Structure formats: structure tokens, C-alpha cells
Amino acid sequence: LAILVATGRKDLIFWKDISLGTLKLIFIITGIVLNAPLDYFVYLGFINCAVLLILFLYMRHKEHGGYLVSKPRIAESLFFIRQGAVFTVLMAANVIYNKIDIIMLEKMKGSIEVGYYSGATRFIYPFMFISTAFMTALFPSLAKYSNDKLKFSSIQNLALYTLGFIGIILSTLLFFGSTFIFNSIFQDKYDASIPVFRILVWYLAIVFIYGSISNNLVAKGKVTFLVYLNIVMIVVNVILNFLLIPKMGAKGAAISTLICEVIILFSGMIYWNRVK
């Protein structure tokens with residue numbers, strides 16, 4: 001997938017997603033119709049493996065005219081592993097940062113507050129695909145012109161302003177439509193999630209803006225900064241959660257997340273200005 005993104009093969013990524021979504025839907029419907037046990041649905045994840053294997057074999061066939069894997073080059077492989085290790089640490093730190101709120105909320109306030117928090121995020125995280133799609137589409141161009149200051153800046157500004165505008169509009173609409181959304185879908189079951197939602201909804205605007213900056217830093221090879229930033233923000237998030245969750249529950253966890261995102265945004269902007 002990384003190769004497809006870097007080479008701009010959006011067509012293959014598109015068909016991969018279509019095939020994966022269709023096969024998952026067929027798998028789920030089949031299980032429901034046949035009244036399959038819960039264990040059946042555990043194997044849903046193996047569809048990912050099958051689709052990616054087919055995609056890999058297709059790429060090998062197009063590139064080399066065969067399906068066999070070529071003999072690995074040890075020196076280049078070790079270099080790749082060293083470079084990939086940095087991204088692995090970044091992804092691990094990012095996962096911990098995003099999940100620590102739920103873990104601490106569960107331990108300190110119980111599952112009810114976790115439910116309120118999860119209910120608030122249900123209408124926020126799905127919109128992240130917009131930012132991801134933009135970044136995936138632009139990254140090949142960013143990498144290609146990473147040494148061309150004028151073109152790189154032009155692409156960067158396009159992504160920054162476009163995503164920032166979309167993020168702010170989305171956050172504003174969701175903020176003012178929060179009561180309507182929750183009452184229409186959940187009736188009065190998740191009313192306690194609305195104040196949490198109104199805080200977390202601004203997460204979208206911040207992440208949309210920061211997503212462009214972080215993508216630019218990756219294209220410039222400044223991944224180490226992002227690793228350190230994520231590790232520091234895990235510590236800050238834990239401290240804020242300890243201070244806010246006992247008093248405010250899910251709302252405190254949401255405030256902690258928003259404060260951290262603001263710090264991340266301004267830190268990224270300051271560092272990006274230095275890099276430029």
C-alpha cells in the first residue's frame with residue numbers, strides 16, 4: 001500500500017477498497033442469513049489478507065511478468081527496517097495517545113462514562129476519512145517536489161487551506177447540529193454525550209489542519225520530530241486526565257484531548273516554520 005501511495009496508483013487503491021468493502025459486506029450478510037455463531041465473524045479480518053495478497057500478486061505479475069518473490073537484498077532490507085522502525089514507533093505512540101483516554105476513563109469513572117465518551121466520538125471519527133483521502137492523494141506530489149521549495153509550498157498551502165476550511169465547516173455544523181443529531185438517532189439515550197460531543201467536535205478542525213502539516217514533515221523526512229511530539233503528548237494527556245477525569249468524567253477526558261490537540265497543532269506549526 002505504501003508503494004501504491006508513493007507512486008500515485010489511486011486507481012488500484014480505489015479498486016482494493018471497493019473489493020474489500022464488497023467482500024466484507026457479502027461475508028457479514030452470509031453470516032447473518034445462516035445465523036452463524038460469533039466465532040464466524042472473527043475471521044472477517046482474513047478478508048484483508050486475501051485481498052492484499054491478490055493485489056500483491058497482481059503487482060508482481062505486472063512488474064516482473066511472474067508471481068515469484070525475488071531474492072531479498074539483505075543490506076537494503078536492513079536499511080528499510082531501520083527506517084520503518086521510526087514509523088512503527090510513531091504509529092505505536094499515536095495509538096497509545098488516542099486510546100489512553102478510554103483506558104483511564106474506564107479505570108477512574110467506570111463503563112458508563114466510557115459509553116458517554118464513545119457515543120460522542122461516534123459522529124466524529126468517521127469524518128477522518130476525508131483528511132486521510134486528501135493526504136493520500138497529495139503525498140506523492142509532496143514527496144516528488146520535497147526539494148523544490150516553490151512547488152512544495154504551493155501544494156502544502158493548497159492542502160492546508162482546503163483541509164482547514166473543510167475541518168472548520170464540519171466542526172461548526174456538527175457543533176450547532178449536535179442536539180438534533182443525537183435526538184434524531186438516539187432519542188434521549190445519549191443526552192449526556194452531547195456536552196462531550198460539543199467539545200470533541202473541534203478535534204476535527206484541529207486534526208484537519210495538523211494533518212497537512214504532519215504530512216509535509218513526513219515528506220521532508222522529519223518523522224523523528226513527530227515521534228518525540230507524540231511521546232511527549234502521551235505524558236501530557238495522562239497528566240491532564242488525572243486532573244480532569246475525577247472531577248468531570250467523560251467531559252474532562254474530552255477537554256484533555258482538545259488541549260493536547262491544540263498543543264500538537266501549535267508545536268507542529270512552529271517546527272514547520274523552522275523547517276521551511
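Ser178 is buried in this predicted model. Its relative accessibility is 0%, so Ser178 falls under the 20% limit for buried residues. Ser178 belongs to helix α9, which covers residues 178-186. Beyond its neighbours within four places in sequence, Ser178 contacts Ile194, Phe197 and Arg198.

**Asn35**

- Asn35 sits in the loop that joins α2 to α3 (38-42).
- Its phi is positive, about 55 degrees, yet Asn35 is not a glycine.

**Helix α5**

- Helix α5 runs over residues 74-109 and holds 36 residues.
- From first C-alpha to last, α5 reaches 51 Å. That is close to the 52 Å expected at 1.5 Å a residue.
- Where is the kink in α5 centred? The kink is centred on Lys99 and is about 40 degrees.
- The buried residues of α5 are Leu90, Ala93, Tyr97, Ile100, Asp101, Met104 and Leu105.
- The cover over these buried residues includes α6 (111-121), α12 (223-248) and α13 (250-275).
- Gly110 follows α5. The phi of Gly110 is positive, near 100 degrees.

**The second largest pocket**

- The second largest pocket has a volume of about 230 Å³.
- Eleven residues line this pocket. Closest to its centre are Lys10, Ile13, Phe14, Asp17 and Thr136.
- Which helices each supply at least two residues of the lining? They are α2 (10-33) and α7 (128-144).
- Helix α2 gives the largest share of the lining, with six residues.
- By residue class, the lining has seven nonpolar, three charged and one polar.

**In short**

- Helix α5 spans close to its expected 52 Å and carries a kink centred on Lys99.
- Both α2 and α7 contribute to the lining of the second largest pocket, and the largest share comes from α2.

Note on methods:
Residues numbered from 1 in each chain as written. Predicted model: local features only at pLDDT ≥ 70, side-chain atom pairs only at ≥ 80, totals over all residues. Heavy atoms only, no water. 1 Å grid on protein atoms, 1.4 Å probe; cavity = no way out; pocket = protein on both sides within 12 Å on 5 of 7 lines; lining within 4 Å. Points joined across faces, edges and corners; volume = space filled by probe spheres on them. Helix = DSSP H or I, 4+ residues; strand = E, 2+ residues; numbered from the N terminus. Nonpolar A, V, L, I, M, F, W, Y, C, P; charged D, E, K, R; others polar. Expected span 1.5 Å × (residues − 1). Bend = angle between axes of the 7 residues up to and from the residue. Buried < 20%, exposed > 50% of the residue type's maximum accessible area, 1.4 Å probe, protein only. Contact = heavy atoms within 4.5 Å.
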